[in-house]
Amino acid sequence: MELIISSSIGVLTAGGVYLLLRLRTFPVILGLALLSYAVNVFLFASGRLAIDQSPILSKYGEATYTDPLPQALVLTAIVISFGMTAVLVMIGLGAFLEADSDRIDITADDGETEDGGRA
Amino acid sequence: MHWIVLPVILPALLAPLIAFVMRHDIALARVASVAGTVLLLAIAVVLIFMAGDGITHVYRLGDWPAPFGIVLVLDQLSALMVLLTSTLALIVLIHAIATEWDAKGRHFHALFQFQLMGICGAFLTGDIFNLFVFFEVLLIASYGLMIHSGGKERMRAGLQYVVMNLAGSTLFLFALGTLYASTGTLNIADLAVRIPEIPADEAALVRVAAILLMIVFAVKAALFPVQFWLPATYSNAPAPVAALFAIMTKVGAYAILRIHTTAFGPGSPGTEDLAATWLFPAAIVTIAVGAFGVLGARRLMPLIAFSVVGSMGTLLVAVAVFSTTATTAALYYMVHSTFAAACLFLIADLVVTRRSADTLSAEPPTVQNGLFAVLFFAAAIAMAGMPPLSGFLGKLLVLDALREPGFIGWAWSAILIGSLLTIVGFARAGSTLFWKSTAIAAPATETPDTADGVVAGAPPATVMQVAPGMLGLAALAALALFAGPVSSYLDSTSSQLHNREGYVEAVLGADEEEG
């Protein structure tokens, strides 16, 4: 299981970083989504991997339990990344409609617009 | 005592109220927003007095004891930062209202209050995951503020800013996961107990977490390898928002100061050498980037943004030393540079809106050319660190704190040469904007062929529009005038920050105290 978890985190992160570097709105949104999946699984793993164990103490038996905190952290992280993705989609859409281009890097018209700017 | 949680609760309640109840009435929203910010300022003053006794106050949310529940911690540093935030917020808010920036888009005031909530929460929290949550709150509000009133360039710069920070947030989560996996806690005080117990040869994971966290905070603080988002963001944001963002970079610096002093700082064998090794050179390069940027900028807003980068470099050079005197200097410079940067943005806004663009080229002089010139140069003097205002004292304190042999060579040359370049850059920009303009024939305003119209017909600035910039300058002057009392307060602030036993004792041993 360790191998599956760690390799899936690795693949998701690699894919996310690759898409992030495409510098176009849609791939970047997908890339950030992949990254946030990767980090969610990673947070889960930070509480040690355990199968078939509940995240609460049982006062009736000797049953072992798994760490509940990472699950709470993951839940928070999921909510936040979901909301952030929605915001990003809206802003990306706004930028695309304004500029007619979905490129994210802006350098083209940063320095060359005003040649008269030099005194 | 519920005072500690008020700086978070007040804006959190006010913001939805403004967004949902007062959305159609800008006047009502303005009144509510100003009242809320004034109230926040009053609360911050109360907190300063509360923290003045040198005790670390702890507020347990839901009354859960410390490592299990989330705590808010008020010490002198948090109180100082909350006061700084609320003072700056009030100045910025007056400017936004007087220049009607807030009416150029929707929900300015609601977003503004959410932003204050996130910033105050980040300064007060004693739990590192809670710090992440407050970071997200302040970021999501800042996304809205950044693209306030829209426009092509602003939307594209805003998109860049959002993507950059979302990537940063993901990295933050990775760091927290690593930290939790290796220590089993996310409470800052608990971390401060457990990390020193980890021997140096088993600290690999904690070191990874410490470096990841530093990268995340460096993104916020615009430190060298990850500073590239700042000039584009600040120069394209609405000017009052850029002025408010002056405190956002300080959130990053504060987080480095808090986490890397209390948890990873001196006394933790595995991680204590990290900060000086990585932070110091990065801060030196940041100063250089800022200085060259100021010198090379062709537009006014990027020029100011680069001077912010430079000032963050100076600040983080002092932070990187992690000694009490250096932290005192860093705090003084932090307060100073926040006001100086905000002042510059506000004054530049008055000038730029009366010209055709913010390019540094000679145009016919605007109305009140002399007044704007005086304000601009005063703020520029403060930013560059020349004598009358607090920038000089701030840089002097930083230089004085860096007299140790390991630091003096690089730090002194970087700060002094950087300051010189900044002065040259500002002087060139100012003389082009204000003095060369007067050499251009004024008749341009009379000929009817000026299609721009905005320049010729721009109304003079009202008192309320000039007041925020002057208030900021007055704060800088007061900071210089009362440098003695201020630095003795900051002295006790930084010794409280470096007293990690006291912090741990207050947070973890507070079982019988009031919650």
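**A first look**

Colleague: Where does B:I247 lie?

Modeller: B:I247 lies in helix α10 of chain B, which covers residues 239-262; helices (H or I, at least four residues) and strands (E, at least two) are DSSP runs, numbered from the N terminus. Please keep in mind that this is a predicted model, in which local features need pLDDT of at least 70, side-chain atom pairs count only at pLDDT 80 or more, and totals for chains, interfaces and linings use all residues. Residues are numbered from 1 along each chain as its sequence is written, while chains are lettered from A and ligands numbered from 1 in the order in which they are written.

Colleague: Is B:I247 buried or exposed?

Modeller: B:I247 counts as buried because it has 27 C-beta neighbours inside 10 Å. The cut-offs are 20 or more other C-beta atoms within 10 Å for buried, 12 or fewer for exposed, and anything in between for partly exposed, with the C-beta atoms placed from the backbone.

Colleague: And which residues is B:I247 in contact with, leaving aside neighbours within four places in sequence?

Modeller: B:I247 is in contact with B:L84, B:T85, B:L88, B:I119 and B:T338, where contact means that the C-beta atoms, placed from the backbone, lie within 7 Å. As for B:S488, which is 241 residues from B:I247 along the chain, the two C-alpha atoms are separated by 23 Å.

Colleague: Switching to helix pairs, how do α11 and α12 of chain B pack?

Modeller: Helix α11 (residues 274-296) and helix α12 (residues 300-319) of chain B pack at an angle of about 155 degrees, with their axes 7 Å apart; axes are lines fitted to C-alpha atoms, for helices over the stretch in contact, and angles run from 0 to 180 degrees between N-to-C directions. α11(B) and α12(B) are therefore roughly antiparallel to each other, given that angles over 145 degrees count as roughly antiparallel, under 35 as roughly parallel, 65 to 115 as roughly perpendicular and the rest as oblique. The crossing of α11(B) and α12(B) is left-handed, a term used if the near helix is turned anticlockwise from the far one by less than a right angle, with right-handed used if clockwise.

Colleague: What sort of residues meet there?

Modeller: The residues that meet include B:L279, B:F280 and B:A283 from α11(B), and B:L303, B:F306 and B:S307 from α12(B). The contact of α11(B) with α12(B) divides into 15 nonpolar, seven polar and no charged residues, where Ala, Val, Leu, Ile, Met, Phe, Trp, Tyr, Cys and Pro count as nonpolar, Asp, Glu, Lys and Arg as charged, and the others, Gly among them, as polar.

Colleague: What about α13 and α19 of chain B, how do those two pack?

Modeller: Helix α13 (residues 324-352) and helix α19 (residues 483-498) of chain B pack at an angle of about 125 degrees, with their axes 8 Å apart, and α13(B) and α19(B) are therefore oblique to each other. The crossing of α13(B) and α19(B) is right-handed. Among the residues that meet are B:T324 and B:T327 in α13(B), and B:V486 and B:S487 in α19(B), and the contact divides into five nonpolar, eight polar and one charged.

Colleague: Now the other chain: how many helices and strands does chain A have?

Modeller: Chain A comes to four helices and zero strands, and buried residues make up 27% of its 119 residues. The mean pLDDT of chain A is 81, with 87% of its residues at 70 or more; pLDDT is the predictor's confidence in each residue, from 0 to 100.

Colleague: Which element of chain A has the lowest mean pLDDT?

Modeller: Helix α4 (residues 108-111) of chain A has the lowest at 47, whereas helix α1 (residues 2-20) of chain A has the highest at 93. Over residues 110-119 of chain A the pLDDT is below 50, and beyond near neighbours in sequence this stretch has 13 contacts in the model. Where pLDDT is low, the predicted coordinates should not be read in detail.

Colleague: Last topic, how many residues of chain B are in contact with chain A?

Modeller: 32 residues of chain B are in contact with 31 residues of chain A. On the chain B side, α5 (128-146), α6 (152-183) and α16 (405-439) are the elements that give two or more residues, and the largest share, 17 residues, comes from α6(B). By class, that side has 19 nonpolar, eight polar and five charged residues.

Note on methods
Contact = placed C-beta atoms within 7 Å.
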